[in-house]
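Please read the points below alongside the coordinates. They take up a pocket, a cavity and a pair of helices in turn.

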Amino acid sequence: MSWFESLVLGLVQGLTEFLPVSSSAHLRLTAAFSGWHDPGAAFTAITQIGTEAAVLIYFRKDIGRIISAWTRSLVNKEMRGDPDARMGWLVIVGSIPIGVLGVTLKDQIEGPFRDLRITATMLVVVGVVIGIADRLAARDESGGRHRAAKQRKELQDIGVRDGLIYGICQAAALIPGVSRSGATISGGLFMGYRREAAARYSFLLAIPAVLASGLFELKDAVGSDHVSWGPTIFATVIAFAVGYAVIAWFMKFISTKSFMPFVYYRVILGIVIIVLVSVGALSPDAGEPAH
């Protein structure tokens, strides 16, 4: 991998990790459109450490409170009802599905799941799901001529059942094209949570899963001849800087705006990919154009 490739891919990772458009799909597609080799699941996982570092810094106060309260709740029974302590347990519970499936489906994630036909299909299907969830949330928030606005759930309303459902939605993002934030936020909207609450829990829930995945791939990559360490580290740093700016923008955006621009983008991109693969302009398997 060249330094220019790592710069572009780092920018793509940082720009798309927190938006509901699938960063893994965009890394895969950027390489395909540019005629580069597929950066691979290991590159994706390692650069995600950079974007998760941005989450750790942006939500540092929340994370500090949660870790402190959760740790104290281990020895102090009175602390177990504290909202921050509960959130610590809920993040653990919500991380179980992706942990189990990530290990079980490792070979599929690094192989067949990276087929562009699957990626394109997921872009379209999940885009439609996000659109439906967004419309339901908008209807509840605005009400209508014959109904009052409906109060949606807040972060403190999350229980074990909802935490597991969030976790299952997050696990679906193991397939490129799904989008971790898109799946978990739309899952939260379907369960009746406010946009900001769904997004905040989505970002918190991603921390252990992404860091564990990145460190796991890092362990396997150490000593390997298949990883260009200089460019990969450079891409990770770029992803961190860009990702931090995107989080700040996105948290403000979702408080007043619809997800529909992302829905239209996903559906159009997915259709374009399907057409290009169908006519032989893109190879579904290789990270380069078809010949």
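1. Which helices each supply at least two residues of the lining of the largest pocket? In this predicted model, they are α2 (23–34), α3 (40–58), α5 (83–104), α6 (106–110), α9 (180–190) and α10 (195–221). The largest share, seven residues, comes from α10.

2. The largest pocket holds about 680 Å³ of space, and of the 33 residues that line this pocket, I109, L174, R180, A209 and S213 are the closest to its centre. Sorted by class, the lining of the largest pocket has 15 nonpolar, 12 polar and six charged residues.

3. The structure also holds one cavity of 30 Å³ or more, and about 40 Å³ of space lies in the largest cavity. Its lining is made up of E17, F18, E52, R180, S181, S202, F203 and A206, with α9 and α10 as the elements that give two or more residues. The largest share of this lining, three residues, again belongs to α10, and by class the lining divides into three nonpolar, two polar and three charged residues.

4. Turning to helix packing, the axes of α7 (residues 116–142) and α12 (residues 260–278) come within 8 Å and cross at roughly 160°. Angles over 145 degrees count as roughly antiparallel, and α7 and α12 are therefore roughly antiparallel to each other. The crossing in which α7 passes α12 is left-handed, and the contact of α7 with α12 has 17 nonpolar, three polar and four charged residues.

Terms used: Residues are numbered from 1 along each chain as its sequence is written. This is a predicted model: local features need pLDDT of at least 70, side-chain atom pairs count only at pLDDT 80 or more; totals for chains, interfaces and linings use all residues. Side-chain values use heavy atoms; hydrogens and water are left out. Axes are lines fitted to C-alpha atoms, for helices over the stretch in contact, and angles run from 0 to 180 degrees between N-to-C directions. Helices (H or I, at least four residues) and strands (E, at least two) are DSSP runs, numbered from the N terminus. Angles under 35 degrees count as roughly parallel, over 145 as roughly antiparallel, 65 to 115 as roughly perpendicular and the rest as oblique. A crossing is left-handed if the near helix is turned anticlockwise from the far one by less than a right angle, and right-handed if clockwise. Ala, Val, Leu, Ile, Met, Phe, Trp, Tyr, Cys and Pro count as nonpolar, Asp, Glu, Lys and Arg as charged, and the others, Gly among them, as polar. On a 1 Å grid over the protein atoms alone, a cavity is a set of points where a 1.4 Å probe fits but cannot get out, and a pocket is an open set with protein on both sides within 12 Å along at least five of seven lines; lining residues have an atom within 4 Å of a point. Grid points are joined across faces, edges and corners, and a volume is the space filled by probe spheres set on the points.
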